[in-house]
Amino acid sequence: MSHNIYIYILVMAGVSYLIRMLPLTLIRKEIKNKTIRSFLYYVPYVTLAVMTFPAILSATGSVWSAWAALIVAAALAWFGKSLLQVSVCACMVVFLLELFL
């Protein structure tokens with residue numbers, strides 16, 4: 001089977017364009033349904049989380065240090081710490097656990 005890269009690029013561009021173009025052409029008025037509005041509001045956050053979560057667990061040498069850093073980072077973020085504090089503490093947890101594991 002011969003693979004033509006231009007066909008793949010054309011299909012990818014078409015799908016990407018349709019995903020962005022269809023809502024603009026099909027939905028002309030303001031969305032009033034609270035469920036749909038909240039769904040659309042949280043889609044970017046869910047997408048980011050789905051892409052980030054596997055990378056968090058595979059970024060370190062040990063799964064245990066990754067889980068520990070994830071738990072520490074989530075707890076600090078829950079209590080309202082800044083992004084810098086959360087990331088520095090998560091990095092320190094990974095560093096210390098990698099030293100001893």
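These legends go with close-up views of a predicted model. Residues are numbered from 1 along each chain as its sequence is written, and side-chain values use heavy atoms, with hydrogens and water left out. Local features need pLDDT of at least 70, side-chain atom pairs count only at pLDDT 80 or more, and totals for chains, interfaces and linings use all residues.

**View 1. Ring pairs link Y41, Y42 and Y45 into a cluster.**
A pair of aromatic rings is described by the distance of the centres and the angle of the planes. Rings of Phe, Tyr and Trp (its six-membered ring) pair if their centres lie within 6.5 Å. Planes under 30 degrees apart count as stacked, over 60 as edge-to-face, and the rest as tilted. By this rule there are four aromatic pairs. How far apart are the ring centres of Y41 and Y42? They lie 4.9 Å apart, and the planes stand at 85°, so this pair is edge-to-face. The pair of Y41 and Y45 is tilted, with 5.8 Å centre to centre and 55° between the planes. Y41 and Y45 both sit in helix 2 (residues 34-58). Four residues separate them, about one turn of the helix. Helices are DSSP runs (H or I, at least four residues), and so are strands (E, at least two); both are numbered from the N terminus. Y42 is partly exposed, at 48% relative accessibility. Buried means under 20% relative accessible area, exposed means over 50%, and partly exposed is in between (1.4 Å probe, protein chains only).

**View 2. V43 is another residue of helix 2.**
Is V43 buried, partly exposed or exposed? Its relative accessible area is 32%, so V43 is partly exposed. Now look across to P23. V43 and P23 are 20 residues apart in sequence. In space, their C-alpha atoms are 14 Å apart.

**View 3. The cysteines C89 and C91 are in no disulfide.**
A disulfide is a pair of cysteine sulfur atoms within 2.5 Å. By this rule the count is zero. For C89, the nearest cysteine sulfur is that of C91, 9.4 Å away. For C91, the nearest is that of C89, again at 9.4 Å. C89 is partly exposed, with a relative accessible area of 25%. C91 is exposed, at 53%.

**View 4. The largest nonpolar core has six residues.**
A nonpolar core is a set of buried Ala, Val, Leu, Ile, Met, Phe, Trp, Tyr and Cys residues joined through side-chain atoms within 4.5 Å. Which residues make up the largest one? They are A69, A73, V86, A90, V93 and V94. Helix 4 gives the largest share, four residues. Pick out A69 and follow its contacts, where contact means heavy atoms within 4.5 Å. A69 touches A90, V93 and V94, leaving aside residues up to four places away in sequence.

**View 5. Helix 4 has a buried side and, on the other side, exposed residues.**
This helix has 18 residues. From its first C-alpha to its last it reaches 26 Å, close to the 26 Å expected at 1.5 Å a residue. The expected span is 1.5 Å times one less than the number of residues. V86, A90, V93 and V94 are buried in helix 4. They cover an arc of only 95° around the axis, so they lie on the same side of helix 4. The arc is that of the directions from the helix axis to the C-beta atoms. What covers these buried residues includes helix 3. On the other side, L84, C91, F95, L99 and F100 are exposed.

**View 6. S62 sits in the loop between helix 2 and helix 3.**
Is S62 buried or exposed? At 15% relative accessibility, it counts as buried. S62 touches E98 and L101, not counting residues up to four places away in sequence.

**View 7. L84 lies in helix 4, and W78 lies in helix 3.**
L84 has 61% relative accessibility, so L84 counts as exposed. Its C-alpha is 17 Å from that of I56, 28 residues apart along the chain. W78 is exposed too, with a relative accessible area of 73%. The C-alpha atoms of W78 and P54 are 20 Å apart, and the two are 24 residues apart along the chain.
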